[in-house]
Amino acid sequence: MSSQTFLLDGKETAFVTGQMILEAARAAGTLIPTLCYLKGETPTGACRVCLVEVAGARSLVAACSTPVTAGMEVRTDSERVLKTRKLIIELLLASGTHDCLVCEKNGDCRLQDLAYACGIQTMKFTPRNAGYPVENENPFIVRDFSRCILCGRCVQACNEVVVNRAISFGYRGSASKIVTGGDRPYHESECVFCGQCVEVCPVGALTEKKARWTGRPWETEKIRTTCPYCGVGCQQWLHVKDGRIGKVTAVEDAEPNQGRLCVKGRFGYDFIYSEERLKTPLIREGEGFREASWDEALDLVAAKFKEIIQKDGPDAIAGVSCARSLNEDSYQMQKFFRAVIGTNNIDHCART
Ligand code: SF4
Ligand code: SF4
Ligand code: SF4
Ligand code: FES
């Protein structure tokens with residue numbers, strides 16, 4: 001890779017061979033708006049929001065999918081660019097039902113933000129009624145294609161990021177739509193409900209079902225945490241209002257998950273509020289259980305371990321560590337079994 005320069009809004013700017021105009025501009029601190037661009041994945045050039053002017057080019061070009069060349073002269077803020085960008089946003093707003101007031105995405109919608117940034121004051125074109133019914137049958141995701149702008153980010157997320165290959169573009173022309181195999185609802189398709197498509201949808205076409213009416217983005221606090229489910233340690237944002245989690249999203253650009261989550265990490269947080277959740281240790285007595293303190297429960301377990309070791313030796317005890325534990329806890333568990341109990345009878349449930 002070699003570093004060369006091009007002219008960005010009149011300023012000599014360095015770029016790395018192979019970089020797209022968008023990436024080189026972002027690296028130089030110039031923000032070109034995007035809708036369909038999904039960082040790290042193959043650029044599709046679907047939305048045209050990132051159009052820029054390149055000297056000598058017949059038409060405007062998509063910054064996300066046009067490689068920079070040495071000496072190229074790029075304008076991101078010319079009158080032609082700004083006028084075209086505004087027109088594209090106006091057309092997208094008319095492509096479906098964009099009644100922000102009742103949309104779950106209000107306040108966190110890239111189309112809404114761009115309409116505001118472009119100074120759009122009124123609907124220039126008559127909105128199309130796509131006539132798609134809202135798909136609400138599954139427990140996790142609401143699909144409302146009357147709000148879909150066909151940016152294709154969900155398709156890329158499903159096919160390239162999580163590689164589940166459950167959705168793609170279907171039909172043609174004005175009937176184009178994002179479909180599963182056979183255009184079936186999600187719960188009857190190959191979808192595994194990882195929710196990655198929801199994570200990347202820039203508008204209100206795909207939203208988290210459980211998050212509805214749990215708080216607007218400006219009412220919620222984002223708290224960073226580590227997923228409690230397995231040893232991978234995915235980084236999450238908890239969207240919290242009044243001490244209650246409304247939804248969980250992935251932390252972008254953070255290791256180890258780089259903006260991804262699985263179905264458990266993204267949607268499996270209800271147990272926190274379950275009435276059936278065990279909150280104190282229980283000791284079996286007769287036919288039932290009685291509540292006990294941690295000290296009492298741990299003393300009892302330790303006494304039983306000692307009793308078994310004395311009678312039958314340490315190999316009479318075996319341990320299975322839980323896949324929901326942290327790596328560090330699983331490490332300690334095996335250390336405890338080998339070094340303290342004195343047996344190699346230690347396993348981990350993920351292995352089975
Ligand atoms: S998707 Fe965005 S622009 Fe459309 S209604 Fe919802 S908030 Fe408004
Ligand atoms: S939830 Fe996951 S598997 Fe299902 S369509 Fe979305 S990205 Fe694909
Ligand atoms: S559902 Fe969302 S991410 Fe998928 S194409 Fe439509 S607007 Fe884009
Ligand atoms: S962001 Fe470049 S075409 Fe959509």
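Reader: Which residues are around ligand 1?

Author: In this predicted model, the shell is made up of His98, Asp99, Cys100, Cys103, Asn106, Cys109, Gln112, Arg147, Val203 and Gly204.

Reader: How many residues of each class does the shell around ligand 1 have?

Author: Sorted by class, there are 4 nonpolar, 4 polar and 2 charged residues.

Reader: Which residues come nearest to ligand 3?

Author: Cys148, Cys151, Gly152, Cys154 and Cys201 do, out of 14 residues around ligand 3. By class, the shell of ligand 3 has 12 nonpolar residues, 1 polar and 1 charged.

Reader: Where does ligand 3 sit?

Author: A molecule is assigned to a cavity if more than half of its atoms lie within 2 Å of the cavity's grid points. Ligand 3 sits in the second largest cavity.

Reader: Which backbone nitrogen atoms lie by a polar atom of the side chain of asparagine 138?

Author: A polar contact needs a pair of N or O atoms within 3.5 Å. The backbone nitrogen of phenylalanine 140 lies 2.8 Å from a polar atom of the asparagine 138 side chain, and for the backbone nitrogen of isoleucine 141 the distance is 2.6 Å.

Reader: Which residues does asparagine 138 touch, not counting those up to four places away in sequence?

Author: With that exclusion, asparagine 138 touches Tyr186, His187, Phe193 and Lys209.

Note on methods. Residues are numbered from 1 along each chain as its sequence is written. Chains are lettered from A and ligands numbered from 1 in the order in which they are written. This is a predicted model: local features need pLDDT of at least 70, side-chain atom pairs count only at pLDDT 80 or more; totals for chains, interfaces and linings use all residues. Side-chain values use heavy atoms; hydrogens and water are left out. A polar contact is a pair of N or O atoms within 3.5 Å; within protein, one must be able to donate a hydrogen and the other to accept it, and residues adjacent in sequence count only if both atoms are side-chain atoms. Contact means heavy atoms within 4.5 Å. A residue is near a molecule or strand if one of its heavy atoms lies within 4 Å of it. On a 1 Å grid over the protein atoms alone, a cavity is a set of points where a 1.4 Å probe fits but cannot get out, and a pocket is an open set with protein on both sides within 12 Å along at least five of seven lines; lining residues have an atom within 4 Å of a point. Ala, Val, Leu, Ile, Met, Phe, Trp, Tyr, Cys and Pro count as nonpolar, Asp, Glu, Lys and Arg as charged, and the others, Gly among them, as polar.
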